[in-house]
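Here are my notes on the model you sent over. They are meant to be read with the structure open beside them.

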Amino acid sequence: MKIRVGFGYDVHALVEGRELWLGGIQLQHEKGLLGHSDADVLIHAVCDAILGAANMRDIGYHFPDTAGEYKNIDSKVLLKKTVTLIRDKGYEIGNIDATICAERPKLKAHIPRMQQIMAQVMGIEEEDISIKATTTEKLGFTGREEGISAYAVVLINKL
Ligand SMILES: [Zn+2]
């Protein structure tokens, strides 16, 4: 069995007048993430990690933000397409470990739901996706609540 690792990182700005979508679910918050799609920063980092593991470029390459068809798109659709891309190359997801950096809102209570939804979209076990949340101790752009960032690593394997 061949095992490969991939890494993903993403940032979106937090602005007023946008819905906040994170990990495939909508959260109640006075601001939301700005982007061409629904700007789900966690899903984007996971997509990049999956594509990176298969050496298949990045999310912007496959789903360009100049394409009208992706405007305000639900990132779960992009996640599903990403998994299909690597499955077509013979890869399966082993496990995912991700971290969201956000000062607010508090994410702890929402993480099990994010795991459930994302696992369902990717067709993997909830046990195989770990999602962690941290603040940056009020430091930097995430600390000032100007944006949210996310990191992800993923193992994929080919039988
Ligand atoms: Zn993004």
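1. Start at A39. A39 sits in the loop between β4 and α1. The phi angle of A39 is near 65°, which is a positive value in a residue other than glycine. Is A39 buried or exposed? A39 counts as buried, because its relative accessibility is 0%. Keep in mind that this is a predicted model.

2. A second residue has a positive phi. K138 is not a glycine, yet its phi is near 65°. K138 belongs to the loop between β6 and α5, the latter covering 140–143. With a relative accessible area of 60%, K138 is exposed; the cut-off for that label is over 50%. A39, in contrast, is buried at 0%.

3. What does the side chain of E103 reach? The side chain of E103 comes to 3.1 Å from the backbone nitrogen of K138. E103 lies in the loop that runs from β5 (92–101) to α4 (111–122). The relative accessible area of E103 is 9%, so E103 is buried.

4. The surroundings of E103 go beyond K138. Neighbours within four places in sequence are set aside here. E103 then contacts T135, T136, E137 and K138, and also T142, G143 and E145. Of these residues, K138 is in the loop between β6 and α5.

5. The loop that holds E103 has another feature. The peptide bond from R104 to P105 is cis, and its omega is near -5°. P105 is in the loop between β5 and α4, and E103 is in that loop too. Check this stretch by eye.

6. Now the metal site. Which residues coordinate the zinc ion? D10 (through OD), H12 (through NE2) and H44 (through ND1) do so, at 2.0 to 2.1 Å. The donor spacing along the sequence is D-x1-H-x31-H. H12 and H44 are 32 residues apart and link distant parts of the chain. H12 is in strand β1 (residues 2–16), while H44 is in helix α1 (residues 41–53).

7. Are these two histidines buried or exposed? H12 counts as buried, because its relative accessibility is 13%. H44 is buried too, since its relative accessible area is 7%. The cut-off for buried is under 20%.

8. Next, the sheet. Five strands make up an open sheet, with mixed pairing and the order β4-β1-β7-β5-β6. Which strands are at the edges? The edges are β4 (31–33) and β6 (129–134), and each of them pairs on one side only. From one strand to the next, the twist averages 20°. Helix α1 packs on this sheet and touches β1, β4, β5, β6 and β7. The direction of α1 makes about 155° with that of β1.

9. Look at the pairings of β7. Strands of a sheet pair through backbone hydrogen bonds, in a parallel or an antiparallel sense. How many bridges join β1 and β7? There are twelve, and the pairing is antiparallel. V11 stands opposite S149 of β7. On the β5 side, nine bridges join β5 to β7 (residues 147–158), and these two strands also run antiparallel. Within β7, N157 is the bridge partner of E92, and A152 stands opposite A98.

10. Finally, the whole chain. The protein chain has five helices and seven strands. Their order from the N terminus is β-β-β-β-α-α-α-β-α-β-α-β. The C-alpha trace spans about 45 × 35 × 25 Å along its principal axes. For 159 residues, a compact globule would have a radius of gyration near 15 Å; the protein chain has 15 Å, so the two agree.

11. Two figures on packing complete the note. Buried residues account for 49% of the 159 residues in the protein chain. Take the contacts with a separation of 6 or more: 72% of them are between residues 24 or more positions apart.

Definitions and conventions
Residues are numbered from 1 along each chain as its sequence is written. This is a predicted model: local features need pLDDT of at least 70, side-chain atom pairs count only at pLDDT 80 or more; totals for chains, interfaces and linings use all residues. Side-chain values use heavy atoms; hydrogens and water are left out. Donors are N, O and S atoms within 2.8 Å of the metal (3.2 Å for Na, K and Ca); water is not among the atoms, so sites may look incomplete. Helices (H or I, at least four residues) and strands (E, at least two) are DSSP runs, numbered from the N terminus. Buried means under 20% relative accessible area, exposed over 50%, partly exposed in between (1.4 Å probe, protein chains only). A polar contact is a pair of N or O atoms within 3.5 Å; within protein, one must be able to donate a hydrogen and the other to accept it, and residues adjacent in sequence count only if both atoms are side-chain atoms. Contact means heavy atoms within 4.5 Å. Two strands pair if DSSP finds at least two bridges between them. Axes are lines fitted to C-alpha atoms, for helices over the stretch in contact, and angles run from 0 to 180 degrees between N-to-C directions. The radius of gyration is taken over C-alpha atoms; the globule rule is 2.2 Å times the number of residues to the power 0.38.
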